[in-house]
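Hi,

Here's the structure I promised to pass on.

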Amino acid sequence: MISTLKKFFGYSEFRPYQKEVIEKILERRDCLVVMATGSGKSLCYQVPPLLVEKTAIVISPLISLMQDQVMALKERGIKAEYLGTGQSDHSVHILAQSGHFHLLFMTPEKACSLAVSFWSKLLEVGICLLAVDEAHCISEWGHDFRVEYKQLDKLRNILANVPFVGLTATATQKVRTDVINSLRMNDPYVAIGSFDRENLFYGVKHFNRGTLFVNELVQEISKFAGNGGSTIIYCTTIKDVEQIFESLQEAGIKAGMYHGKMSSKAREESHRSFVRDELNVMVATIAFGMGIDKPNIRQVVHYGCPKSLQSYYQESGRCGRDGIASVCWLYYTGSDFTKADFYCGELKTENQRRAVVESLMIAQKYCVLATCRRKFLLDYFGEHVSADNCGNCDNCRVSKRERDLSREAFLLMACIQSCRGKWGLNMPIDVLRGSKAKRILDMHFDKLPLHGLGKSYLSNWWKSLAYQLISHGYLVETIDDIYKFVSVGKKGEQFLSTARPDYQPPLVLPLTSEMVDGD
Ligand code: ADP
Ligand code: ZN
């Protein structure tokens, strides 16, 4: 194994789990490989075909990814080719069927449309594995669900004795279980690497939309641009991409842009310039994504919160691949979390919609968090770290202000109880802030004794407090289809049972940056 590794890849040792996974594949066992981006997952399916001289089938979502990989493999003297959707290259088919290739890449659509006779011929000469790259695409709980991936279980019948290898950088338990079940894996060997990226700094800031903020952002970026490393700015809409791009250009920063509405030629050009360091900054939607293997990205900025922490971790994880200290800033605004309808778009099943709302809720929790961001992220991916302070996130670096918030917590919880029924956070907060909106008058909530008692804080301040109370179990947020509603939890009930309008038991909480601003 080592000599093959050396001969084709020039490496002298395996990284964690690579050897184990390769051995299991050679024993013809199904495998699930869950490792962070850049940790070397591909090698797990690239080495076995070289050892046993049988073809490895690799399912990959994007033609452009396959092209890059095939090219890189050919340069190493490995026989690789791809079959695209609808591609009818006869000679590739004939060669493939004769077992000529070490690695044969294809999209899931292609894999499912190939005739059984194709697979039979290939089986006769030998298939050493079937790898499903970006395997989280099979799961509705993943951040990038693709219907085509769901069809892949058909191949299980045809390739009954071929080891299936799922690979992903998305590590939640739900996604893992989904991949195993959807691919009908049989007692798979599961390799889970660490997701901690010690060299990455994580920080979050709240912002209000407007040119004022864009100018501020451009100034921040210009501090980075020009000292060797590159920056990616991820925006949630194409409009934002264009606005930030223009502002950067006006500021004289060498920037490029990338989004789905550009021609593929313009996108390729933009990508190439970025990789060649002709640009300092790339402003993009998430269309600029898979397969970016640039080592010296020093900063990934999110202008607007992504729809899930899984996407956030993957996108921000594109920086600092070379192990050098790099930073990930996320700028969010309240409206980022009310986009469930938008993201649900064409989703049909309730499960899919719930997954979207739940993901947004967790992303929001991350944004308003007052404790270690890294710990929260890793916890979310099922990796438990004992240290409460990583020393490399905004919350761990600044000494947090704390304050007794018992009165405010009392008002909020009492108000949520008084409103009864199924409301999100906005209703009780608007009541506290003394709103006379129609929906409040209709419900006669303006007559509640608490109406207007919380005027002195902005609604973002109250939301930030609410999220702290949720994370400490005083409040509970639940989903009903795509609507979230909030209620008082066990701890909150205990608190309320001893509290009176003139007395509340002490409740000391750290202030989030939003609360410090409005305090
Ligand atoms: P992933 O698919 O997990 O994102 P890749 O397979 O693209 O990661 O690998 C990331 C980088 O690490 C590649 O440049 C690859 O050549 C390199 N790499 C993989 N395995 C090893 C190894 N054993 N030793 C050194 N470099 C490795
Ligand atoms: Zn931390």
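A cut-off to start with: I call a residue buried if 20 or more other C-beta atoms lie within 10 Å of its own, exposed if 12 or fewer, and partly exposed in between. Bear in mind that this is a predicted model.

With that in hand, take Arg184. There are 14 other C-beta atoms within 10 Å of Arg184, so it comes out as partly exposed. You'll find Arg184 in the loop that runs between helix H10 (173-182) and strand E7 (189-192). Its phi is near 45°, which is positive although the residue isn't a glycine. For context, most residues other than glycine have a negative phi.

Glu53 has a positive phi too, near 55°, and is likewise not a glycine. Its place is the loop between helix H3 (42-52) and strand E2 (55-59). Glu53 counts as exposed because it has 11 C-beta neighbours inside 10 Å.

Now for the inside. The largest nonpolar core contains 147 residues, and Ala131, Val165, Val283 and Leu412 have the most contacts within it. Leaving aside residues up to four places away in sequence, Leu412 touches Pro428, Leu432, Trp462, Leu465, Ala466 and Leu469. In soluble globular proteins, nonpolar side chains do tend to be buried together.

Last, the ligand. Which residues come nearest to ligand 1? Out of the 13 around it, they are Tyr11, Arg15, Gly40, Lys41 and Ser42. Sorted by class, the shell around ligand 1 is made up of six polar, four nonpolar and three charged residues.

Cheers

Technical notes
Residues are numbered from 1 along each chain as its sequence is written. Chains are lettered from A and ligands numbered from 1 in the order in which they are written. This is a predicted model: local features need pLDDT of at least 70, side-chain atom pairs count only at pLDDT 80 or more; totals for chains, interfaces and linings use all residues. A residue is near a molecule or strand if its C-beta atom, placed from the backbone, lies within 6 Å of it. Ala, Val, Leu, Ile, Met, Phe, Trp, Tyr, Cys and Pro count as nonpolar, Asp, Glu, Lys and Arg as charged, and the others, Gly among them, as polar. A nonpolar core is a set of buried Ala, Val, Leu, Ile, Met, Phe, Trp, Tyr and Cys residues joined through C-beta atoms within 7 Å. Two residues are in contact if their C-beta atoms, placed from the backbone, lie within 7 Å. Helices (H or I, at least four residues) and strands (E, at least two) are DSSP runs, numbered from the N terminus.
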